[in-house]
Amino acid sequence: MKIRVLILLTATLFGIAACNRSNTLPEDANSGFDNGAVDNTSTNSSNNGSNISVTPLEAERLRLLGQLVVYFDYDTADILPEFNAQLQAHGQQLAQNPSMQLRLEGHADDRGSREYNIGLGERRAQAVRRVLMLQGATATQLTTVSYGEERPAQTGSDEESWRLNRRVELVYR
Amino acid sequence: MLKVRESNEASVSRRRKMSLLGAVVAVGAWCVTAAEAQLTITITGGNEQAVPIAVVPFGWQGAGAPFDISSIVGADLASSGRFAPLATADMTSRPTQASQVNFQQWRVLDADYLVIGTLSEVGPDRFAAQFQLFDVLQGQQLTGFRLEAGRTDLRATAHRISDMIFEELTGIPGVFSTQIAYVSEERAANGARTFRVIVSDADGFNAQKIAESSQPLMSPSWSPDARRLAYVSFEGGAQGVYVQTLRTGTRERVSARAGVNSAPAFSPDGRMLALTLSRDAANLDVHTLDLTTQVLRQLTTDAAIDTEATWAPDGRSIYFTSDRAGGPQVYRVGTDPGQRPQRISFERPYNARPRVSPDGKLIAVVTGESNRYQIGVVDAASGRLTVLTPQGRYDESPSFAPNGAQIIYATKDNGRGVLASVSTDGRIRTRIASVAGDVREPVWGPFPRP
């Protein structure tokens with residue numbers, strides 16, 4: 001376990017250094033994770049063994065850690081498969097940094113009853129919480145709050161707005 | 001304070017109940033309140049047999065009456081959708097005393113009923129309003145009262161007169177003297193949001209800010225004596241339930257546990273609060289909190305979402321929303337320990353946010369099907385659902401008027417949150433527009449206590 005942490009930490013340093021050196025990180029760090037990382041991942045993932053360049057994997061990890069919203073289908077709190085890697089990255093980060101605190105803010109779209117939607121938002125926040133704890137995050141690191149439909153990301157009453165509003169936001173503190 | 005006594009000349013006739021049956025017709029937009037109202041009531045669907053009534057301007061000795069009682073009474077009666085007041089300009093005479101009434105004149109104008117009255121000064125800043133209600137066809141007085149009040153209570157006096165006329169003619173107590181609470185949200189150009197809990201008169205006037213926050217406020221709930229309001233606030237980034245005394249503004253945070261603290265509902269005796277908690281990161285369950293002893297009791301234990309509790313009028317059972325069977329449906333559970341919840345709603349895949357009628361027989365719900373959310377009532381005994389707003393798409397938060405004849409609810413108009421009401425028989429509909437911002441979560445307050 002300790003060794004793995006060490007490798008990852010080393011990887012982190014390498015990764016950041018590599019990114020900086022290659023100038024693939026633009027000023028806006030958050031959007032920057034998307035740019036260089038994906039291409040590098042695809043080329044290097046097949047490169048198994050001899051030249052272990054950890055940079056792309058780390059970039060991928062940072063890209064995932066930059067993703068702070070998980071979306072849901074209507075009236076469910078099931079974690080969709082496309083969010084597994086993202087939650088795994090966040091869960092591992094929390095496990096490796098016990099002092100790190102994460103607040104999970106659950107939301108629902110604006111259809112139906114407001115208080116029931118508080119329930120749906122909470123259920124979604126709890127679903128994310130469980131996945132993070134499976135990755136090693138502890139209960140003391142995680143708090144949840146459900147805003148139901150009270151703080152929409154989009155104000156429209158259409159499928160796209162509803163999709164963007166059914167979400168859990170990950171807020172590091 | 002109002003002082004009411006039956007006027008000397010009043011010979012109160014046997015109460016006559018009008019038949020208010022008739023088809024639903026759209027009668028167009030009819031604004032009945034003054035422009036300065038915070039909320040404006042518009043009849044959007046009414047009774048084609050709305051009863052014609054003449055409310056004659058009240059007499060006043062001297063220049064400049066301190067208050068226009070008759071216009072408020074007329075507006076009240078019109079806003080109910082059950083009455084069609086005659087325009088003042090169409091009146092061929094303006095009697096203020098019974099001796100001046102020529103019934104034949106009012107028959108010609110097709111007025112079924114006639115209200116006349118006077119306002120007089122009886123002391124320093126003290127006024128007496130006297131009114132008489134006549135049946136024009138029979139040519140006889142139905143009721144009459146004299147009400148005394150201070151200057152600041154003249155509007156309330158007009159509402160009391162409306163209540164008495166309404167009850168005399170329909171057999172249903174009027175709700176013109178009651179208040180409503182609701183939530184408003186305003187968005188500044190920079191995206192900053194301001195949430196408010198507002199209490200106003202039932203006609204939208206006298207809007208008073210009860211609470212204000214940059215974080216969401218929701219779920220206002222009246223205490224049965226109308227003195228306190230419970231609501232939910234996210235101030236400080238966490239959800240909490242607050243109870244605020246309206247007169248003093250003092251408030252108490254009664255629940256701020258980890259996770260969900262939501263959906264407060266006062267018990268009929270005002271001593272308990274039902275609320276929804278997600279204790280220990282568990283699921284949502286309905287609890288009761290004794291506001292005096294602080295004793296907390298868990299009422300539901302299912303792993304599903306159990307929330308939106310509301311008390312039966314006798315306080316012995318609680319209705320709530322649960323999705324234990326898949327989608328949200330309404331259940332009822334006894335408040336004694338160890339009761340098993342019974343499912344109440346069965347029609348349609350979505351029935352939530354129950355609110356019980358004052359007689360306990362009907363449960364108002366948000367009912368959803370095919371992505372449309374409407375207001376319905378479920379018969380508590382048979383489980384039969386009647387949809388009251390079949391044209392609705394975004395209807396939510398139903399709340400019974402204390403006379404049980406009307407349900408106020410929230411809906412959307414061109415994406416904007418507005419309030420609306422529908423009569424419990426579905427026939428009369430009104431739209432209650434806000435001057436600024438989105439309004440939602442209306443809750444009708446109880447009858448004022450004498």
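Two residues are in contact if their C-beta atoms, placed from the backbone, lie within 7 Å. The model is predicted.

Q: How many residues does the contact take from chain B, and how many from chain A?
A: The 7 Å cut-off between C-beta atoms decides which residues count. Both chains contribute to the contact. The contact takes 20 residues from chain A, and from chain B it takes 33 residues.

Q: Which strand of chain B supplies the largest share of the side that touches chain A?
A: Several strands of chain B each supply at least two residues of this side: E13 (217-222), E17 (261-266), E21 (306-311), E25 (350-356), E26 (362-369) and E29 (396-400). The largest share is three residues. That share comes from E25(B).

Q: How many nonpolar residues does the side of chain B that touches chain A have?
A: Sort this side by class.

Q: Which residue of E24(B) is the bridge partner of Arg332(B)?
A: Strand E23 of chain B spans residues 329-334. E23 and E24 of chain B pair in the antiparallel sense over two bridges. In E24(B), the bridge partner of Arg332(B) is Gln342(B).

Q: Which strands of chain A does H5(A) lie across?
A: Chain A has an open sheet of four strands in the order E1-E4-E2-E3, with mixed pairing. H5(A) runs at about 155 degrees to E3(A). The helix lies across chain A strands E1, E2, E3 and E4.

Q: By how many degrees are neighbouring strands of this chain A sheet turned against each other on average?
A: The sheet has edge strands E1 (69-71) and E3 (142-148) of chain A, each pairing on one side only.

Q: Which residue of E4(A) stands opposite Glu105(A)?
A: Strand E2 of chain A covers residues 102-107, and strand E4 of chain A covers residues 167-172. Five bridges join the two, which run antiparallel. Opposite Glu105(A) stands Glu169(A).

Q: How far apart are the C-alpha centres of the two domains of chain B?
A: The domain assignment gives domain 1 as 3-11 + 24-170 of chain B. Domain 2 of chain B is 179-444. Their C-alpha centres lie apart by 34 Å.

Q: Which strand gives the most to the side of domain 1 of chain B that touches domain 2 of chain B?
A: The contact takes 18 residues from domain 1 and 16 residues from domain 2 of chain B. Strand E3 (39-47) and helix H1 (69-79) of chain B each supply at least two residues of the domain 1 side. With nine residues, the strand that gives the most is E3(B).

Q: How many charged residues does that domain 1 side of chain B have?
A: By class, six of its residues are nonpolar. Ten are polar. The charged residues number two.

Q: What is the radius of gyration of chain B?
A: Chain B has three helices and 33 strands, and its C-alpha trace spans about 75 × 45 × 45 Å along the principal axes. Of its 450 residues, 48% are buried. A compact globule of 450 residues would have a radius of gyration near 22 Å, so the value of chain B agrees. That value is 23 Å.

Q: Is Arg348(B) buried or partly exposed?
A: Arg348(B) is found in the loop between E24 and E25 of chain B. Its phi is positive, about 65 degrees, although it is not a glycine. A residue is buried at 20 or more other C-beta atoms within 10 Å and exposed at 12 or fewer. Arg348(B) has 17, so it is partly exposed.

Q: Is Asn371(B) buried or exposed?
A: Asn371(B) is found in the loop between E26 and E27 (372-379) of chain B. Its phi is near 65 degrees, a positive value in a residue other than glycine. Because 12 other C-beta atoms lie within 10 Å, Asn371(B) is exposed.

How values were computed: Residues numbered from 1 in each chain as written. Chains lettered and ligands numbered in written order. Predicted model: local features only at pLDDT ≥ 70, side-chain atom pairs only at ≥ 80, totals over all residues. Domains from an automatic or database assignment. Nonpolar A, V, L, I, M, F, W, Y, C, P; charged D, E, K, R; others polar. Pairing = 2+ DSSP bridges. Rg over C-alpha atoms; globule rule 2.2 N^0.38 Å. Axes fitted to C-alpha atoms, helices over the stretch in contact; angles between N-to-C directions.
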